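User: I would like to learn how to read a protein model feature by feature, with the general idea before the particular case. Could you take me through one?

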Amino acid sequence: MIPVRSRHGDAPAKYPGPARNRRPERPRLPYSAPMIDLHSHSTCSDGALPPAQLLERAAAAGLRALALTDHDTTAGLEEAAAAARTHRIRLVPGIEFSAAWRSQSIHVLGLWIDPDAAVLRTAVAAQLDRRRRRIRAICERLTHKGLPGDRLLAMVEARATLPTRAHLADALVEAGCVREPRDAFRVHLGRGRAAHVAADWPTLTEIVGWIVAAGGTASLAHPTRYPLSATARNRLLTDFRDAGGRALEIGCGGNAAHHLDACAALARRYGLDATVGSDFHGPRMPWNPLGRLAKLPDGVIPAWRGRGIGDDEDG
Ligand SMILES: [Zn+2]
Ligand SMILES: [Zn+2]
């Protein structure tokens, strides 16, 4: 279900959209200085900017560190590292994996990973294969519905190194099959629609294991976006922590104060460190710029402590 225009390929429900599409929320906390952003996407997955431009933009916004966390790929990290040196900003090598947990798609950030680790290379290749197979299967279903599935597949594969349903939605618009990407999900691609193909992501435990084996810190991304009951959310956090998960994304783009407080309470309860990130996908979402993040609530430990990039220490 994609409730608002989003390039976030397999985003769970409740993706924060423009204010008019969201319920009124309590006022946000005052923003901290934009120092560090540990969640962003480039054209290597479903972001709008190439890695070098993303780093340039982050430096111009005054960020001290940026994590590039493309969906299921590390393809942009080399270009990002070179740009980070040019613009004198710290790059945190990252990735955002899609994992399965009780038929729910959950996103896990791997931060400070070694992209050359053999386990990660194998994992990334397997995820890419899964995504390609899924898009091909969806396009076959579209063909059965009388739509130009082969042409749509060719359009997606020509543009996207890592194909997502968001790319396919854009192709459906361009081919004149639907008016807007959100219609593509509503009419064809969404759950319960004729062209829907369920993802077959690896388990949460498997994914966290890959991140840990690659020397990274696993952080559960945007924990308030999953449509889970409080009991299920607690179970998720227990399973995540037991698998070796170390952190929880507490400040995420668009989060209101009560989200931060709720996430901070979860981090304290489960002994998880905190990460912050905008989940920036590009300038087409002006309500969610890089680095505009609230300060961490008291009592949570930043996952970046001791890594020389926080505002509590000299970089
Ligand atoms: Zn995500
Ligand atoms: Zn993301």
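**Reading helix pairs and their surroundings**

Analyst: In this predicted model, α7 and α8 are oblique to each other.

User: How is such a pair described, and at what angle do the axes of α7 and α8 cross?

Analyst: Two packed helices are described by the angle between their axes and the distance between the axes. Here the axes of α7, which spans residues 204-213, and of α8 come within 9 Å and cross at roughly 40°, and the crossing is right-handed. On the α7 side the residues that take part are Leu204, Thr205, Val208 and Gly209, and they meet Asp239, Phe240 and Ala243 in α8.

User: How do α5 and α6 lie relative to each other, roughly parallel or roughly perpendicular?

Analyst: The axes of α5 and of α6, the latter covering residues 181-189, come within 8 Å and cross at roughly 100°. That makes α5 roughly perpendicular to α6, because angles of 65 to 115 degrees are classed in that way. From α5, the residues Arg165, Ala166, Leu168, Ala169, Asp170, Leu172 and Val173 meet Pro181, Ala184, Phe185, His188 and Leu189 in α6.

User: Which residues of α6 are buried, and what covers them?

Analyst: Pro181, Ala184, Phe185, His188 and Leu189 are the buried residues of α6. They span an arc of only 110° around the axis, so they sit on the same side of α6. Both α3 and α5 are among what covers these buried residues.

User: Which residues of α4 are buried, and which are exposed on its other side?

Analyst: In α4, which runs over residues 149-159, the buried residues are Leu152, Leu153 and Val156. Seen down the axis of α4, these buried residues fall within an arc of 100°, and therefore they line one face of the helix. Asp150 and Ala158 are exposed on the other side of α4. The cover over the buried residues of α4 includes α3 (118-144) and α5 (165-174).

User: Is His222 buried or exposed, and is Arg88 buried or exposed?

Analyst: His222 is buried, because 28 other C-beta atoms lie within 10 Å, where 20 or more are required. Arg88, with 8 C-beta neighbours inside 10 Å, counts as exposed, since the limit for that class is 12 or fewer.

User: How many helices and strands does the protein chain have, and what share of its residues is buried?

Analyst: The protein chain has nine helices and seven strands, and buried residues make up 47% of its 315 residues. Of the contacts in the chain with a separation of 6 or more, 73% are between residues 24 or more positions apart.

User: What is the mean pLDDT of the protein chain, and where does pLDDT stay under 50?

Analyst: The mean pLDDT is 86, and 86% of the residues in the protein chain reach 70 or more. Over residues 1-29, pLDDT stays under 50, although the model has 66 contacts beyond four places in sequence for this stretch. Where pLDDT is low, the predicted coordinates should not be read in detail.

How values were computed:
Residues numbered from 1 in each chain as written. Chains lettered and ligands numbered in written order. Predicted model: local features only at pLDDT ≥ 70, side-chain atom pairs only at ≥ 80, totals over all residues. Helix = DSSP H or I, 4+ residues; strand = E, 2+ residues; numbered from the N terminus. Arc of directions from axis to C-beta. Contact = placed C-beta atoms within 7 Å. pLDDT = per-residue confidence, 0-100. Axes fitted to C-alpha atoms, helices over the stretch in contact; angles between N-to-C directions. Parallel < 35°, antiparallel > 145°, perpendicular 65-115°, else oblique. Left-handed = near helix turned anticlockwise from the far one by under 90°.
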